Amino acid sequence: MINKKNLLLLSLVTASVGVQAKKEKSNENQQPNVVIIYGDDVGYADVGVYGSKLIPTPNIDRMANEGIVFTDGHCTASTCTPSRFSMLTGICGFRYNANILPPGAPLLIPTNITTLPKVFQQAGYATACIGKWHLGLGSKGHKVDYNAEVAPGPNEIGFDYSYILPSTNDRVPCVYLENHKVEGLKKNDPLYIGRKKSDVEGHDNTQYPDGKVNPEAMTYYKSMYGHNNSVINGIGRIGYQSGGKSALWNDEDMSDVFVAKAKKYIKKHKKKPFFLYYAAQNIHVPRTPHKRFQGTTTLGYRGDSMVEFDWVVGEILKTLKENGLDENTIVIFSSDNGPVFNDGYDDGCTVKTSTKEVDRGHDPTGVYTGGKYRIQEGGTRVPFIIRWPGKIKPAKSNALVSQIDFLKSFATYLNVDIPSREAKDSRDMRATFLGEAKENAPYIVEEAPGNQTALRRGAWKYIPNHKRGKRVSHAALYNVKNDPSEKNNLIEQFPSIAKEMENLLLNIKR
């Protein structure tokens with residue numbers, strides 16, 4: 001028989017157990033979520049906190065004020081495919097001949113190696129890729145059939161869920177791919193793509209105007225060079241497409257579509273640690289900001305697209321907060337390479353070449369020289385912000401850091417073992433990334449098209465001889481701290497430093 005005293009004791013014990021269970025339940029998601037927001041062609045000074053005066057970026061700036069702003073943060077290459085490859089594999093792009101992929105290219109990342117999403121999977125995370133892919137799909141030697149299962153792709157290299165542009169927004173196919181299927185594609189509207197027009201000829205389904213034959217079909221804006229194959233939504237693309245009209249994307253709605261998918265994913269996975277790789281199409285060409293963003297800057301579609309991208313960042317941060325995840329999520333903001341104005345479309349930039357660096361008073365590389373496609377600092381020095389409220393103290397860091405080190409850093413943090421021969425170019429920089437130290441990466445390799453490479457070590461930058469066609473560029477040594485625009489070649493004054501860095505670069509490449 002239970003007396004009153006025992007009943008009271010039983011009640012206290014039950015209450016204590018209930019509190020402990022509640023506490024344990026609230027601790028289920030102690031590992032931090034990780035979100036990488038990856039811009040496309042976003043320059044160092046396209047963001048307010050890095051010096052932009054003509055493009056308002058209040059959401060990115062707020063993120064910066066609440067986290068670490070790296071002033072010497074780098075992607076690995078001055079073009080998209082190799083940078084994405086290196087960030088996800090911890091391997092320099094030149095080791096796999098990673099260049100900008102054309103339409104129909106096979107998957108570049110081997111499915112049997114360690115990748116960044118696989119690290120998170122091993123640590124018990126859900127993983128997702130939303131946005132631009134541009135790392136190839138399908139197997140080498142086999143043409144992808146977009147009317148069936150499209151694989152291998154993001155899901156085979158570690159992402160549980162993927163919703164992507166199969167290539168990039170200026171290339172065919174102009175459809176979304178959810179996991180292994182083209183979204184919305186009807187059976188009576190088969191989709192075919194190819195690099196040449198002959199690849200898609202002979203099919204009875206919808207043919208799109210050929211920009212070379214019918215330039216008047218490019219009604220959104222004209223091609224200046226290269227983007228004049230299949231004209232879809234009034235925009236000339238690289239490559240040819242036949243069919244797939246039932247599944248076509250709307251260029252101006254692209255950010256809205258990706259943000260909606262990201263919000264849905266975050267809400268669905270808020271009770272379990274997740275890794276979300278959000279790869280924006282902003283501000284890559286063709287720049288097609290939604291009408292509500294058009295005219296928000298004096299810089300045409302490029303500036304307006306950056307304002308749209310800032311909105312994207314704000315929406316993701318707001319969603320994390322609304323779902324109680326703000327304090328327990330590491331958010332990283334960066335870009336795949338430096339900026340470019342004219343990149344094949346007459347989209348409102350007053351600049352008519354791909355190398356000029358200022359448009360209407362806006363210099364997207366700031367004090368640095370170069371940009372997309374180039375080996376100078378502006379090609380790989382990009383916005384690089386890490387925010388983790390309550391864990392990372394707001395600060396500005398001058399440490400030399402690279403995206404290639406994400407893999408080993410997160411693997412170490414999450415106690416995931418990496419085989420010794422994998423992710424060979426990635427290093428554990430977690431103390432610097434978390435603001436616990438200001439240690440530089442021992443060195444970083446910078447890449448550019450034409451097998452160009454450069455080596456950064458501290459303030460020194462070494463660029464070896466390069467031959468591109470008939471043009472030869474001679475070796476150079478710069479102190480980018482004192483000479484950020486790389487105007488003064490110091491190789492004759494400091495030959496021993498140049499030789500030491502030359503040997504180090506050669507050893508790395510071997």
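Q: To begin, how many aromatic pairs does the count come to?
A: In this predicted model, the count comes to 31 aromatic pairs.

Q: How are the rings of Phe258 and Tyr278 arranged?
A: Phe258 and Tyr278 pair edge-to-face, with 6.5 Å from centre to centre and 90° between the planes.

Q: Which parts does that pair tie together?
A: Phe258 belongs to helix 5 (residues 254-268) and Tyr278 to strand 11 (residues 274-279), so the contact joins parts that are 20 residues apart in sequence.

Q: Are Phe258 and Tyr278 buried or exposed?
A: Both Phe258 and Tyr278 are buried.

Q: Then Phe384 and Phe406: what is the geometry there?
A: The pair of Phe384 and Phe406 is tilted, with centres 5.7 Å apart and 55° between the planes.

Q: And where do Phe384 and Phe406 lie?
A: Phe384 is in the loop between strand 12 (329-335) and strand 13 (385-387), while Phe406 is in helix 7 (residues 406-413), so this pair ties together parts 22 residues apart in sequence. Phe384 and Phe406 are each buried.

Q: Which residues do ring pairs link into a cluster?
A: The cluster includes Phe384 and Phe406. Among its other members are Tyr38, Phe70, Trp133, Phe159, Tyr277 and Phe433.

Q: Changing topic to charges: what lies over the face of Tyr443?
A: Arg427 does, at 5.0 Å from the ring centre.

Q: And over which ring does the charged end of Lys509 sit?
A: The charged end of Lys509 is placed over the ring of Phe94, 5.8 Å from its centre.

Terms used. Residues are numbered from 1 along each chain as its sequence is written. This is a predicted model: local features need pLDDT of at least 70, side-chain atom pairs count only at pLDDT 80 or more; totals for chains, interfaces and linings use all residues. Side-chain values use heavy atoms; hydrogens and water are left out. Rings of Phe, Tyr and Trp (its six-membered ring) pair if their centres lie within 6.5 Å; planes under 30 degrees apart count as stacked, over 60 as edge-to-face and the rest as tilted. Helices (H or I, at least four residues) and strands (E, at least two) are DSSP runs, numbered from the N terminus. Buried means under 20% relative accessible area, exposed over 50%, partly exposed in between (1.4 Å probe, protein chains only). A charge sits over a ring if NZ of Lys or CZ of Arg is within 6 Å of the ring centre and within 35 degrees of the ring normal.
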